[in-house]
Amino acid sequence: MQSFRKIYNRMLTAHQESDRKSLISSITSSDRLVAVRGARGIGKTIFLLTYAVRNITARPDQIQYVTMNYLYFAGHSLYDFARKFYQDEGGRILLVDQIYKYAKWRDDLYRIYMDMPNLRVIFSTSSVVTEEEMGPELKGRVRIINLQGFSFRQYLNIKYGLHLKAYSLKDLMERHEEIAAEVMNQVKPKEDFELYLTEGYYPPVEDNPLSSAKLTKNINMMLEVDVVYVHQVDISYLPKMRELLFQICTQDKPTANVTRFARSIGASRATIANYLKYLDDAELIRTVYKEGNEYPKKPDQIFPNDTNIAGVMYPHRQSTCMRLKTFLLSQFENAGYRVNVPDKPGADFIVDGEHLFACVDGKTSRFRSEVTYTFSNLLVGHDNCLPIWLFGFLY
């Protein structure tokens, strides 16, 4: 146990906090099992270590961090480790990183829950591991926290050490001029917004923005490890899945033409439908439906998960229009709003079944009073015309 303690202490010394304090504070003593889900590179390890720092008591040895990458767990069970920590060390909070790499994690978590009532386990897992895949024994016992990429607001807070606050969609729509003025008293959003679209969605690494090479590596690891391991996909099919992802991220329109995709990569429509689900679960793409439709029906539109992912699909550069729509969709969904494709033309999204939004790159001469227009070239809006960067303050 002491060797694990030394590694854990070194990690605590080196770690830097991220702007996710509200999520960390939302974990209560009644949450005995907490799953922190998220894509690779999204900051799950930092989240666990920040939680440890913020919950160290007079007895710091009551909290322990381990990762399932340790070779120790090739010959020892997580249950036995937890029992020793709980009974011999008086442990109360066990932080387990990358738990899905441990084959018996579901069984061991259930046994820990039943046999160690005063031990809380907070564990990180891949976004590919859905709630259903946690199994019936853990259902209703695990609180799930979906760790999203940084909003534009969080990016600015980290970059400049600020405390800019988030706003509801209602506030943005009703007070956007006032809110924009408040933000612009502290930062100049135009240049930072362009940087955010390129590098700001994922946490910085070692005080530097996440490089495109690092993001590309994480994308491939999601496909080659997470998707293959969790969904038991034959590794020989990976080139087709990678090609499908590239085609989606390089489209100039969010087309969901399953037949064209199938023909292009040489796969059946059923296979494409499965691949789309895997890529969506892995948070590499976002599928959008018309109201009333959902999986397993064919999506109506498909986008990259975020603008950073689209930006590493060399040598392609995402069109400005797709870039803006991808950004807007990511901010809405990450903030917890329901986004659908509207039935009628004239808007790009309908949010929570009532608010219509359209992305505008440049000028437009046709306005509809029921549509909110988001402009790429506005710093401060007016009436139902808002600067698109402001939607980065939804969470």
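Reader: Leaving aside its neighbours within four places in sequence, what is Phe 391 in contact with?
Author: This is a predicted model. In it, Phe 391 is in contact with Leu 169, Leu 172, Phe 327, Leu 328, Gln 331, Phe 332, Phe 357, Thr 374 and Leu 386, once neighbours within four places in sequence are set aside.

Reader: And which residues touch the most other members of the largest nonpolar core?
Author: Leu 94, Trp 105, Phe 332 and Phe 391 do, in a core of 118 residues. There's also a second, separate core of nine residues, with Ala 347, Val 371, Tyr 373 and Cys 385 among them.

Reader: OK, switching to strands. What's the order in the open sheet of five?
Author: E8-E9-E10-E11-E12, and the pairing is mixed.

Reader: Which strands stand at the edges?
Author: E8 (339–340) and E12 (385–387). Each has a single partner strand, so one side of each has no neighbour in the sheet.

Reader: In what sense do E10 and E11 pair?
Author: Parallel, over five bridges, with E10 covering residues 355–360 and E11 residues 371–375. Cys 359, for one, has Thr 374 in E11 as its bridge partner.

Reader: Which helix packs on that sheet?
Author: Helix H14, residues 320–334. H14 touches E8, E9, E10 and E11, and its direction makes about 150 degrees with that of E10.

Reader: New topic: how much space lies in the largest cavity?
Author: About 40 Å³. Its lining includes Ala 39, Arg 40 and Tyr 202, and helix H9 (residues 212–231) gives the most to that lining, with four residues.

Definitions and conventions
Residues are numbered from 1 along each chain as its sequence is written. This is a predicted model: local features need pLDDT of at least 70, side-chain atom pairs count only at pLDDT 80 or more; totals for chains, interfaces and linings use all residues. Side-chain values use heavy atoms; hydrogens and water are left out. A nonpolar core is a set of buried Ala, Val, Leu, Ile, Met, Phe, Trp, Tyr and Cys residues joined through side-chain atoms within 4.5 Å. Buried means under 20% relative accessible area, exposed over 50%, partly exposed in between (1.4 Å probe, protein chains only). Contact means heavy atoms within 4.5 Å. Two strands pair if DSSP finds at least two bridges between them. Helices (H or I, at least four residues) and strands (E, at least two) are DSSP runs, numbered from the N terminus. Axes are lines fitted to C-alpha atoms, for helices over the stretch in contact, and angles run from 0 to 180 degrees between N-to-C directions. On a 1 Å grid over the protein atoms alone, a cavity is a set of points where a 1.4 Å probe fits but cannot get out, and a pocket is an open set with protein on both sides within 12 Å along at least five of seven lines; lining residues have an atom within 4 Å of a point. Grid points are joined across faces, edges and corners, and a volume is the space filled by probe spheres set on the points.
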